[in-house]
Amino acid sequence: MVSALIDKAKQGSFDEDLVLVERFLSGDRSAFEALYARYYEKVFAIARGVLMDSDEAADAVQEIFTLVYRHLGRFDKRSRFSTWLFRVAVNRSIQEARRNRHKSKHVELTEAAERVAPDEPEVADPKIQAIMAKMAPADRALLVLFYWEELSLQDIADSIGCNVNAAKTRLYRARERFRVLYEAEAV
């Protein structure tokens, strides 16, 4: 294993995350904590972009990391850990969005008054937030990965489990659906 990591380092394709994965699989629980700390914000951003709610995103992130913790032994080390993690994050967030689609978001006025306002990041344009909320979770995931997380088309393809051309096509279609909704709001 060590010689394989040294060979990868010499080739310039060394993935520091693989070392942490191997340490975790060997029994070092602190290695998983390092992976969690490294990727929490990115996974939260993906979940928040798909679910459009910080509380739901925080719950989804905990589920995502629990799944990763339980199934890290299944990780195929031929790809990057981040790619695998983002794929789990996108898929789990989309599943959660579908499950919550029909869930009522109404709360009693007294309950709402007692709640503390969450620390939501400011969106430059509230119109963008409203349009993203109208889009399908899969489309939101693509737009978040490309625009907010600034992943390459190859990384997006790996994250959603398709080839680069399919990712490019899906991203194009998501942009078009966004554009149509955006222009409809302008009227």
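Rings of Phe, Tyr and Trp (for Trp, its six-membered ring) are taken as a pair if their centres lie within 6.5 Å; planes under 30 degrees apart count as stacked, over 60 as edge-to-face, and the rest as tilted. By that rule the structure holds 14 aromatic pairs. The model is predicted, so local features need pLDDT of at least 70 and side-chain atom pairs count only at pLDDT 80 or more, while totals for chains, interfaces and linings use all residues. Residues are numbered from 1 along each chain as its sequence is written, and side-chain values use heavy atoms, with hydrogens and water left out.

Select Phe-32 and Phe-65. Their ring centres are 6.4 Å apart and their planes meet at 80°, so this pair is edge-to-face. The pair joins distant parts of the chain, 33 residues apart: Phe-32 is in helix 3 (residues 29-51) and Phe-65 in helix 4 (residues 54-71). Helices here are DSSP runs of H or I, at least four residues, numbered from the N terminus. Phe-32 has 8% relative accessibility and counts as buried; Phe-65, at 4%, is buried too. Buried means under 20% relative accessible area (1.4 Å probe, protein chains only).

Next, select Phe-75 and Phe-81. With centres 5.9 Å apart and planes at 85°, the pair is edge-to-face. Phe-75 is buried at 3%, and Phe-81 is buried at 0%.

Now select Phe-24, Phe-32, Tyr-36, Tyr-40, Phe-44, Phe-65 and Tyr-69, which ring pairs link into a cluster.

Finish at Lys-127 and Tyr-182. The charged end of Lys-127 sits over the Tyr-182 ring, 4.0 Å from its centre. "Over" requires NZ of Lys or CZ of Arg within 6 Å of the ring centre and within 35 degrees of the ring normal.

Key
Helix = DSSP H or I, 4+ residues; strand = E, 2+ residues; numbered from the N terminus. Buried < 20%, exposed > 50% of the residue type's maximum accessible area, 1.4 Å probe, protein only.
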